[in-house]
Protein chains: 2
Amino acid sequence: MENQFLLLPGPTQIPNRVLQAANQPMISHRSGTFKDIFGQVTENAKRIFCTKNDLLILTCSGTAGLEASVVNFLNSGDKVIVASTGNFGRRYRDIAEAHGMDIDYIEFPMGKAVDPAVIAEKLAADTEQKIKAIIIQQHETSTGVYNPLDKISAARGNHPALLLVDAVSGLGACPLKTDEWGLDVVVTSSQKALMVPPGLCLVTVSQRAWAAAANNHNHKFYLDLSKAKKYADDRQTPFTPAVSLVYALDEAVNMLNEQGIDNVIAEHYFRRDAIRASIKALGLKPVADDQVAGGAVTAVYCPEGITAAEITGIMREKYDTVIAGGMGDIKKTSFRIAHLGFVRDMDLIAAIGALELALYELGYKFELGTGVGACQKVIIEKRKVFTDRD
Amino acid sequence: MENQFLLLPGPTQIPNRVLQAANQPMISHRSGTFKDIFGQVTENAKRIFCTKNDLLILTCSGTAGLEASVVNFLNSGDKVIVASTGNFGRRYRDIAEAHGMDIDYIEFPMGKAVDPAVIAEKLAADTEQKIKAIIIQQHETSTGVYNPLDKISAARGNHPALLLVDAVSGLGACPLKTDEWGLDVVVTSSQKALMVPPGLCLVTVSQRAWAAAANNHNHKFYLDLSKAKKYADDRQTPFTPAVSLVYALDEAVNMLNEQGIDNVIAEHYFRRDAIRASIKALGLKPVADDQVAGGAVTAVYCPEGITAAEITGIMREKYDTVIAGGMGDIKKTSFRIAHLGFVRDMDLIAAIGALELALYELGYKFELGTGVGACQKVIIEKRKVFTDRD
């Protein structure tokens, strides 16, 4: 397996420290040694969510964590708002639908964020307080849009609806202040900004959400978070966890905390700026508006007459550089460069360099090096590279 | 993390080949390279189940796979027989209960197997064919009992009830012929005889089970196996899989197929014989009767006045040798030596050697070396070690 330049919205590149941590012999998941690791990573990961809430680590993908947020804290038939800005908004809706929720689905236009005023209006009209939850993405992976959770939380005001947040692709890449913003359930998975192979899912739960869980009647077993909490209080899991991935998560969380979560997010926004500057210099148009573009992924419209599969295919096959195609309505007409997790400055240069080579081969007219040059300028500014000329 | 002698019923020891396979960079789970690996491991793993049925690989623990066997193929309110021989029989019952099944729970005495005649009688009395499934363990991890699935399948005869089999701890260690015995759903997980870190679950599904799934109304999303099959037909998964564990599984399945599954199981029964001979030589009593003892785990009653925690504690703390305590009703009065997965002859010697040292320290009366000597005799016979004396 050769190393590629991997600029995907998950799995992301694994730093060597994390890969080595995973590469350890097995131990009993009921041993004191494992409990020490599990208790430590649980506590340390809370800093990344900016929370003192309970944090549960599950062995599953992020989707299962989103399902857990629905089945534990909502009953079938409950009225919920699903505020969507793209494909993963639709998936969260599908999950709520699979569990029989009464859904008010609002989809905002491509490339725009959720408008807090719309949420405020819906809640103001709900005088009987029948709406039990607002279901939303922190960051919509299909478009690269960041939703202003602080303003959405403010729009909720004193309405008792829970805020259930899909932070799968955005945690650690875009702002998220769980406690300050009163986010009741926040879900992420290991293979994004956390820089760990896929297989783990992290879920934080507020006291208000636990109160709702106490009145929950859904059928559930593996995703029963009350059981997970009971075991987590004793620094373990009800069912055998993915031990090697827990080792990896422990190391990755340490790396992020060493750097500080605010600095980690700032680095993601610098990368966003570098990629957006390059894209624009090449005459291409990003999907997300400037004001709402998040730090995790930049989705870009293809030049006319060129498909996403052509661009990503050449980049992958000829230059070992892996970016993602589009999703949903813009599957063929957009591609996505993720700048998520462990991404070095030269990964950005490689991505833009390979993109230019692919566009050149596909007949798009531009001057070679233009995108890379724009990327370099953002790097020079960020890294404060000075020469005699300055 | 220091290497221990790990004789647990999961996680089991990871062979170096498997550890190295897991220790690879990430790739896209939608790439052709990943599809090649995923398609290949899916096909190859079928040989271990002795089946041509569909095989699905999920990212979760074995418990979630058991839950999937209930929620996809049974509807709430369906009548089912749960045939139990211990703690994991109770867990399967709890899962069925959590999903609202109408359960006829039959628990067989400690150390005995499920009696096929009892199943035959229940089914014969069910003239209206209301029983939708027989839920059973292949191997009960708490006692080390192997249930005769061939005879239970024969007892089912032409009754249309599905046979749902928990093979989590027994697959690869005890006989299991999915197609020959008409097992409809068989579930295992990665951290047992498959010699892979925990985090993956494998489920086989018969055509008859798929027919039942077509009429299924339960709420489900992550564990929706019809969706998993749709993606598996294109050699991928609906949600991001645990990529590094799939690499590991691919290598481990290759190792098992190189050896041949019948040989792998025979090795487990040799280890069982070695451990049982040692235990008996030490004057201790195994929990499982001789005729029903499986190849995965040997549960042993503690000598009077000595608890499992004392024995396992000394073995672990002083001699880096990790065995399991008891479960359920015999939690404190039994311990379990697993001989499951990657276990070398000298791991057996280490386990018995450390057990003797612990028993000695706890005041149990016996001659040091008696257990190890008995173990060596079984090894000599198996390995055909001859000397001038023979």
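Asp320(A) is partly exposed, because 14 other C-beta atoms lie within 10 Å, a count between the limits of 12 or fewer for exposed and 20 or more for buried residues. In this predicted model, Asp320(A) occupies the loop between helix H11 (308-319) and strand S12 (321-322) of chain A. Its backbone has a positive phi of about 50°, although the residue is not a glycine. Most residues other than glycine have a negative phi. In chain B, Asp320(B) likewise has a positive phi, near 50°, and is found in the loop between H11 and strand S12 (321-322) of that chain. Asp320(B) is partly exposed, with 14 other C-beta atoms within 10 Å.

Helix H11 (residues 308-319) of chain B also contains Ala309(B). This residue counts as partly exposed because it has 14 C-beta neighbours inside 10 Å. Between the C-alpha atoms of Ala309(B) and Asn254(B), which are 55 residues apart along the chain, the separation is 37 Å.

The division of the chain comes next. Chain A consists of domain 1 (16-259) and domain 2 (260-383) according to the domain assignment. The centres of the two domains of chain A, taken over C-alpha atoms, are separated by 28 Å. Contact between them involves 26 residues of domain 1 and 25 residues of domain 2 of chain A. On the domain 1 side, helix H2 (32-49), strand S7 (145-146) and H9 of chain A each supply at least two residues. That side comprises 11 nonpolar, 12 polar and three charged residues.

Within chain A, helix H6 (residues 149-156) has Leu149(A), Ile152(A), Ser153(A), Ala155(A) and Arg156(A) as buried residues. Viewed down the axis of H6(A), these buried residues fall within an arc of 155°, so they line one face of the helix. Their cover includes helix H5 (116-125), strand S5 (131-137) and strand S8 (162-166) of chain A. Just after H6(A), Gly157(A) adopts a positive phi of about 55°.

The largest nonpolar core has 270 residues, and those with the most contacts inside it are Ile135(A) and Ile135(B). Apart from its neighbours within four places in sequence, Ile135(B) is in contact with Val80(B), Ile81(B), Val82(B), Ala83(B), Tyr92(B), Ala96(B) and Leu164(B).

How are the two chains related? A rotation of 180° with 0.0 Å of shift along its axis superposes chain A on chain B, with an RMSD of 0.0 Å. That is the relation of a two-fold axis. Cys60(A) comes closest to the rotation axis among the residues of chain A, with its C-alpha at 2.5 Å.

The contact between the chains takes 46 residues from chain A and 46 residues from chain B. Helix H1 (16-22), helix H3 (62-73), helix H4 (87-98) and helix H9 (243-259) of chain A are the elements that give two or more residues to the side of chain A touching chain B. By class, that side has 24 nonpolar, 20 polar and two charged residues. The copies meet through the same surface, because 100% of the interface residues of chain A are also interface residues in chain B.

The peptide bond from Gly10(A) to Pro11(A) is cis, with omega near -5°. In chain B, the bond from Gly10(B) to Pro11(B) is cis, with omega near -10°. Pro11(B) has its place in the loop between strand S1 (5-6) and helix H1 (16-22) of chain B.

Note on methods:
Residues are numbered from 1 along each chain as its sequence is written. Chains are lettered from A and ligands numbered from 1 in the order in which they are written. This is a predicted model: local features need pLDDT of at least 70, side-chain atom pairs count only at pLDDT 80 or more; totals for chains, interfaces and linings use all residues. Two residues are in contact if their C-beta atoms, placed from the backbone, lie within 7 Å. Helices (H or I, at least four residues) and strands (E, at least two) are DSSP runs, numbered from the N terminus. Ala, Val, Leu, Ile, Met, Phe, Trp, Tyr, Cys and Pro count as nonpolar, Asp, Glu, Lys and Arg as charged, and the others, Gly among them, as polar. Domain bounds come from an automatic or database domain assignment. Copies are superposed by least squares on the C-alpha atoms of residues with pLDDT of at least 70 in both. A nonpolar core is a set of buried Ala, Val, Leu, Ile, Met, Phe, Trp, Tyr and Cys residues joined through C-beta atoms within 7 Å. The arc is that of the directions from the helix axis to the C-beta atoms.
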